[in-house]
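Please look through the sequence and the model shown here before reading on.

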Protein chains: 2
Amino acid sequence: MSNLVFLRIVPFIGALVALILAIIFIKIVNKKDRGNKRMQEISDAIYVGSRAYLNQQAKIMIIFFVVIEILLFIMVQFGFLQYASLLAFATGGGFSLLIGYVAMWISTRTNSRVTQAAKEKGLGEAMNIAFTAAAASGLILGVVALFDTGFWFNALFWWYGKYTTDLITNLDYVVNILVTFTIGASFAAFFMRTGGGIFTKAADMGADYVGKVESGLREDDYRNPATIADNVGDNVGDVGGMNADSLESWVGAIIATEFLGFLAFKSSPLIVNSILLPMLISTAGVFASIVAMFIIRGVVLRYKHNATVSVLTTTTMSGLLITTVLVVLFSYFIIRFVMGSGYMYIFYSSIGGLLAGFLIGVFTLIYTDAKYRPTRSISESAKSGPATLVVSGLSFGMESTVLPALTVVASMLFSFYISGGSSNLQMGLYGVSIAAVAMLSVSPYVIAIDVYGPIADNAGGIAEMAELGPEVRKTTDKLDAVGNTTAAIGKGILIGSAAITAIALGQAYFSKIGLLTENMGISVIIDFMRDPKILSGLFIGVILPFLFTSLLIGSVGRAADKVVIEARKQIKDVLSGKSKGDPRAFITIVTKAAQRGIIIPGILVFAVPVVVGILLGPGGVAALITGTLLSGFAMAIFMSNAGGALDNAKKKIEEEGGSGTPEHAASVVGDTVGDPLKDTAGPSMNILIKLISVVSIETAVLVVTMYGNLFH
Amino acid sequence: MSNLVFLRIVPFIGALVALILAIIFIKIVNKKDRGNKRMQEISDAIYVGSRAYLNQQAKIMIIFFVVIEILLFIMVQFGFLQYASLLAFATGGGFSLLIGYVAMWISTRTNSRVTQAAKEKGLGEAMNIAFTAAAASGLILGVVALFDTGFWFNALFWWYGKYTTDLITNLDYVVNILVTFTIGASFAAFFMRTGGGIFTKAADMGADYVGKVESGLREDDYRNPATIADNVGDNVGDVGGMNADSLESWVGAIIATEFLGFLAFKSSPLIVNSILLPMLISTAGVFASIVAMFIIRGVVLRYKHNATVSVLTTTTMSGLLITTVLVVLFSYFIIRFVMGSGYMYIFYSSIGGLLAGFLIGVFTLIYTDAKYRPTRSISESAKSGPATLVVSGLSFGMESTVLPALTVVASMLFSFYISGGSSNLQMGLYGVSIAAVAMLSVSPYVIAIDVYGPIADNAGGIAEMAELGPEVRKTTDKLDAVGNTTAAIGKGILIGSAAITAIALGQAYFSKIGLLTENMGISVIIDFMRDPKILSGLFIGVILPFLFTSLLIGSVGRAADKVVIEARKQIKDVLSGKSKGDPRAFITIVTKAAQRGIIIPGILVFAVPVVVGILLGPGGVAALITGTLLSGFAMAIFMSNAGGALDNAKKKIEEEGGSGTPEHAASVVGDTVGDPLKDTAGPSMNILIKLISVVSIETAVLVVTMYGNLFH
C-alpha cells in the first residue's frame, strides 16, 4: 500500500506545481502596462460589471443550493444518502464558482494590457500577454480539478477508513459521495455557463443591432453605451462559463471512471489503483499542458516582431499536438506502473479518446473556418440575401453533426471492445470512461488556447472605445482570428468529451440501479422494443434539449429586445450630445434577464429525472439519460458550428472589404442568428447531458423506492 | 368463413363508393367557369409545368426502381424474398405516383375556376369550388388506400392458398409481401415529397427574393417570370407530395398492423379478422369523411353570399370533428362485430389514437396561428430586426416539440397497456398500431382541408398574374387564410401518425428479427446499456435526420441561388420591356435541382440500414430505426412549426398594413428562412422515419445472414 499512498498524493503535487506556475504567469502579465487612463477606466468598468454579474449570479445559485441541500437533507433522513453528501454537494458548487471568478478576474485584468501591447509593440507581444493570461486560467483549472477530486477522495477514504476496515465498503461510500460532488459542480457550471451565455448574447445582439445595423456605428463604438455590457458578457460567458464547464466535464469524467473502476475491479487487488488512475492521467495532462505552454510561449516570444496570424495559429495548434503526444507518453508509463502490463488495453483506450477529441476538433475547424468550403459557401450565399445565408448556415451546421457522431461511436466501440467489453461489460465501460478522461486531460492547454479569444475580443473593444485608431483594432482583430481557430478545436474537444463522459455517467447510473434493484425484486429491462416505457423515456430525453434550447434562446431574444429599446434611447441621446450614456443600465437589464432565464431550466433539470423515474421507473430514467445525450450532442454540434460558421462568414466578408455592402448586412443578420445558438444554447447542451445523468444517479435510490412502492 | 369473405370485399365497396363520389365532385368542379383567356393560359402553363416536372420525376424514380428491383431479384435468388415481392414493390411505387398525378391534375384544373369564382361570386363560391376539388383529392386517396391494400391482401391470400392449406403459412407469406408493397409506396412517396419540396421552395425562395425584396414587385406579380415555377411548386410539392405522403403513412400503418396482428393472434381463430380489421377501420374512415364532406359542402353552400374567414374556418374544423366522431361510432360496431365483445380494448386504443392526432393538430395550430402567443410574439420581435425574429421563430419551433411528443408518448402507453401489453407484448403492440390506423383513417377529410390551401394559393397567383385587381386577390387571400389554419391541423395529424406508424413498423421489424434469429443461434439484445452497438445504432439514427435535413435544405439553397441569378436577369429584361420573360427556364432549373437533390438521400436511405445492419447487427438496426424516429419526429415538428409560425407572422404584419416597413422586410426574411424548413425538410422527415423502418424489414434476412456469417 505504500506506493498507493504516494499515488494518492500525486494529484496534489500536480495541483501545487500548476498553482505556482499560474501565479508566476499572472505576475508576468500584471507587470505589463495597462495603457492610458481611459483604457484603464474602460477595463475597470468591464471588471466591475463582470464582478457585479457574478455576485448576482452567486446569490441566485446560493438560493438554489440551499433548496437542494434541504432536499438532500431530507433524503439523508430517509437513509437515501450520507451526511457527507451535503458537504460534497456544496463544495462541488463552490469550486465551480471559484474557477468562474478567478478566470473572470484574470481576463479582465489582462484585456487593456493586451490592447496596450497591440498599440505599442505589435501582434507578437499582444499574443504573448493574452496567451500567458489564458495559460494561467488553464492552469488554475488544472489546480482545481486535481485538488478537489484528490482532496475529496483522500478525505473520504480516510474518514470512512475509521469506521470500516473493509476496503470495498469504504470505497463504496467514497465513490457514492464523489458523485454528489459532481452534481454540485455540474449544477454550478450549468448556472455559470447558461446564465453567462444568456448575458453575453443578449448584450451582444442588442448592442450590435442598434449600434451597427440601425445607427451605422462600428462594433464597440464608444458612442454605444451597450458595448460595455457586451464586453462584460465575454468575460462572464466565454471565460467564466467556459472554465466552469470544463471543470465540470473533467471532474465528471474522473468520477464516473472511479465509479466504473470500482465496479470493474471489485474483486481485484487493483481496485484502488483503478480508482486512482483517472486522477493520475489527469495529472499527466496538467504536466503535459505545462510543457506545451512553455514551448509555445518560447516560440511566441521569438516571433515578437514578425508574428502573423498563420504563424500564431500553427504555433498554438502545435502546442495541442505536443500536449496530446506527451499525455500518451506519460499515460503509457503510468498505466504500466499503476495497473501492470496486463492492463495495457487501458492505454489503447486512452489513445482512442485523445484521437477522437482531436478529430472532433478538426471537424469543427473544417465546418467553421473560412478557409474551408462550408463557411466560404455560406459567405457566398450572402449574395442572395440574409435568408439564404441563414438557411445555408443552418444546413451546414446540421451536416457538421455527422462526422463527430461517427467519431464518438467509433471511439466508444473501440474503447469498449479493446478493453474486453464483449466478455466483461464493466471492464469495457471502464475503458470507455478512461477514453473520456484522456480526452479531457488536455483541458488546461485547451483552455489556454480558448480563453484568449475573449481576451482579444475585449482588447479590441477597449481599443475601439478608447479611440486608439484602426491600426490597433486591426492587430487585436488578428489576435481574435487566431483565437477563433483554436477555440473551434477546443469546443469540439469539449463536446466530444461531454458525450463520452455522459455515456460513462449513464453507465454509472445504470450500474447503480442494478445494485439497488438486486434485492428489491424489480427487474430493469432497458429494451425499447419490449417495454414502451423505455421508448417513452427516450422520447422525453430527445425532446429535452429542444425545450432547453428554446427556453435559453427565448430568454436571449427577450432580453435582447429590451437592450435594443434602451440602446435606441441612449444612442440617440449620445449622438445628439444630450448625455454620455449609462452602460450600467444595460448590465442591469441583462443580469436580470440571465437570472430569470436560468430559473425554469434549473428546476426542470432536477424535476424531470425524478418525475420520469416515478412514472416510468429506473429503466425510463436510463432511457431519458440516453435520449438527452443523443439529441443534446447533435443539437450542441449543430448549433455551435452553425453559429461559428455564420460568424466567420461575416468576418470573411469584412476582411475582404465588404463592410457596408448588402452582402455584409446579410452576414450580420446571419451572425446575429447564430450568436445565441453557438454561445448560449450550444454550450449549455454539454452540461445538460451530464447534469441529467448525475441528477439521475443522485435520485436513483429515491426513484427506485417510490416507483417500487407505487407500481409493485 | 362466409362473413370473412364479405369482410374481405368491404374495402372494395368503400373504394368504389369513394371513386364514384370523387368523379361526381370532379364533374361539379369542371362545370365551373375557367375565367378569361389569360387566366386559362396561366392555369394551363401551371398544369404543363407540373406535368413536365412529374414526368421528369417519374423517369428518375423508374431508374431507382429498376436498380432496386434488380437488388430484390438477387435477394430472391438467395431465398431472402419471394418473387411476388418484385411486383408488390413496383405497384407500391406505381400507386404512389398515380395519386401524385391525379391530385396534381385535380388542383391544376381547379385553380383558375377558384379565381373566377372569387372574381364573380365572392368568397363562398370560391371556397365551395376549392373544397369540392380538395375533397375529390381526399376521396381518391381513400380509393387508392383501400383498393391497393385490399387488392394485394386478397390476391396474395388467394394465390398462396393454392399452394398451402395451412392458414398460418399462407398469412405469413401474405404479410411479408405486403411489407414489400409498403416499401415501394414509401420510396415513391419519398421522391414525390422530397423532390416536390425542393422544387417548390427553391422556386418560391428565388422568386420571392428577387421579385419582392430586390425589385419591389408584389407576390406573383405578372412581371416576374419565376412565379409560374412558384405556382407549379405548390402543385407538385404541397398537393402531389402531400397526397403521396398521406398514402404512404396510411398504407404503412395498415400493413404494420396486419403484420403485428398476425403475430398477436397467431394461435387464435381471430387471426384473419385481426388482419382485416385495419382495412375495415380505414373503410369506416372513408365513409365518415364522405359524410363530413357532404355536410360541410352543404354548410358552405348556405354561406355562399356572406362567408367570412372565421365562419369557414369553424365550418371546416367542425367537419374534422364530425369525421372523428363518426369513425369512433363506426369502429365500435366494426370491432364488436369482427373481433367480438372480448376485444373492445382495441376500440379504446383507436379512440386514443384519434384523440392524439386531434390534439397534436391543435398544438400545431396554437404554435403557428397568428391568434396565439407564439406567432404574435414572433411578429412583435420584427421590431428589433430580422435576426431576432428568426431566433424567435426557431425558439418557438423547438418549444413546440414538447406537447406533441408527450401526446405521442401518452397515446402509445395508453394503447399498449389498455391492450394488455404488460402481460402480452404482441397484443400491446397490435393496440398501438391500431391507434395509428385510427389516426390515419380520417385522412381523406384531412386531405380535403389541406389541399385547398395550395389551390387557393394558385388561385391568388392567377389573380395577380392576370391582373384582376386587388379585390380578387383579397378574396383568394382569405381563402388561403382558412387553408392555413386547417392545414396546420392536417400537418399535425400526419406527423403524429407518422410517429406512431414508425413505432409499429419498428416493432414489426423487431418481431421479424426475433422470428429470423430464433433458429440461428443469434440472440438480439436491444439494451443500450449492455451493448454499445445498440447505443451506436441510436447515435447514427439520431444524426440521420440532421444529415437529411442538411442535404435537402442545402439543395433548396443552391437551387434558389440559381433561380435568383436567372430571375435578376429576366426581371430586368421584363421591366425594361426587352422581353416577356421565359417561365420555362425556371421550371427547368428547379426540376434539375430537385432531381439532383434526391439522389443522395435516396441512396442513403437504402444503404444506411444495410451497412449498419452488417456492422452492428440487427440490434443496431432496431436502434437505428428508433433513433431516426426520435430525432426525425422532433425535427419534423420543430421545422414545420417554426416555418409555419414565421410564415404567419409575416402575414399578420401584412394584414395590419405593415407592408413596406422594416418590420415587414424582417418578416419576409423570417418567412424565407422558414420555407425550406416547413415545406421541404419537415415533411420529408415523416417519410424518412417510416422508410428506414420498412427498408430495414425488407433487408432483415440479408442483414441477419451477413452479420451472422461475419461475426458469429
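What follows is a guided reading of this structure, which is a predicted model.

The size of an interface is often given as the accessible area lost when the parts come together. Here chain A and chain B bury about 6300 Å² between them, and 80% of that area is on carbon and sulfur atoms. On the side of chain A, Met398(A), Met529(A) and Phe539(A) supply 12% of the area that this chain buries against chain B, more than any other three residues. Counted by residues, the contact takes 71 residues from chain A and 71 residues from chain B.

The elements of chain A that give two or more residues to the side touching chain B are helix H5 (167–214), helix H11 (386–399), helix H12 (402–418), helix H15 (470–517), helix H16 (532–575), helix H17 (583–655) and helix H18 (662–698). Of these, H16(A) gives the most, with 20 residues. Sorted by class, the side of chain A that touches chain B has 48 nonpolar, 15 polar and 8 charged residues.

From the interface we turn to salt bridges. Side chains of opposite charge can pair when their charged atoms come close. A search of the whole structure finds 53 salt bridges over all chains, and a few of them can be followed in detail.

One of them is in helix H16 of chain A, where the side chains of Lys569(A) and Glu566(A) meet at 3.7 Å, N to O. Because these two residues are 3 residues apart in that helix, they are separated by about one helical turn.

Another salt bridge, in chain B, joins the side chains of Glu467(B) and Arg38(B), with 3.0 Å from N to O. Glu467(B) lies in the loop between helix H14 (443–465) and helix H15 (470–517) of chain B, and Arg38(B) lies in helix H2 (residues 37–77) of chain B, so the pair ties together parts that are 429 residues apart in sequence. Glu467(B) is partly exposed, with a relative accessible area of 42%, and Arg38(B), at 35% relative accessibility, also counts as partly exposed. The backbone of Glu467(B) deserves a look as well, for its phi is near 50°, a positive value in a residue other than glycine. In chain A, Glu467(A) likewise has a positive phi of about 50° although it is not a glycine. This residue is found in the loop between helix H14 (443–465) and H15 of chain A, and Glu467(A) is partly exposed, with a relative accessible area of 43%.

A further salt bridge in chain B links Asp679(B) with Lys678(B), the closest N and O atoms being 3.2 Å apart, and both of these residues are buried. In chain A, salt bridges that share partners join Lys201(A), Asp204(A), Lys491(A), Asp647(A), Lys651(A), Asp675(A), Lys678(A) and Asp679(A) into one network.

Leaving aside its neighbours within four places in sequence, Glu258(A) is in contact with Val175(A), Leu178(A), Ile275(A), Pro278(A) and Met279(A).

Ala666(B) is buried, with a relative accessible area of 3%. Ala666(B) and Gly385(B) are 281 residues apart in sequence, and their C-alpha atoms are 5.6 Å apart in space. Apart from neighbours within four places in sequence, the residues in contact with Ala666(B) are Ala382(B), Gly385(B), Pro386(B) and Leu389(B).

Terms used
Residues are numbered from 1 along each chain as its sequence is written. Chains are lettered from A and ligands numbered from 1 in the order in which they are written. This is a predicted model: local features need pLDDT of at least 70, side-chain atom pairs count only at pLDDT 80 or more; totals for chains, interfaces and linings use all residues. Side-chain values use heavy atoms; hydrogens and water are left out. Contact means heavy atoms within 4.5 Å. Buried area is the accessible area (1.4 Å probe) that two parts lose on being put together, summed over both. Helices (H or I, at least four residues) and strands (E, at least two) are DSSP runs, numbered from the N terminus. Ala, Val, Leu, Ile, Met, Phe, Trp, Tyr, Cys and Pro count as nonpolar, Asp, Glu, Lys and Arg as charged, and the others, Gly among them, as polar. Buried means under 20% relative accessible area, exposed over 50%, partly exposed in between (1.4 Å probe, protein chains only). A salt bridge is a side-chain nitrogen of Lys or Arg within 4 Å of a carboxyl oxygen of Asp or Glu.
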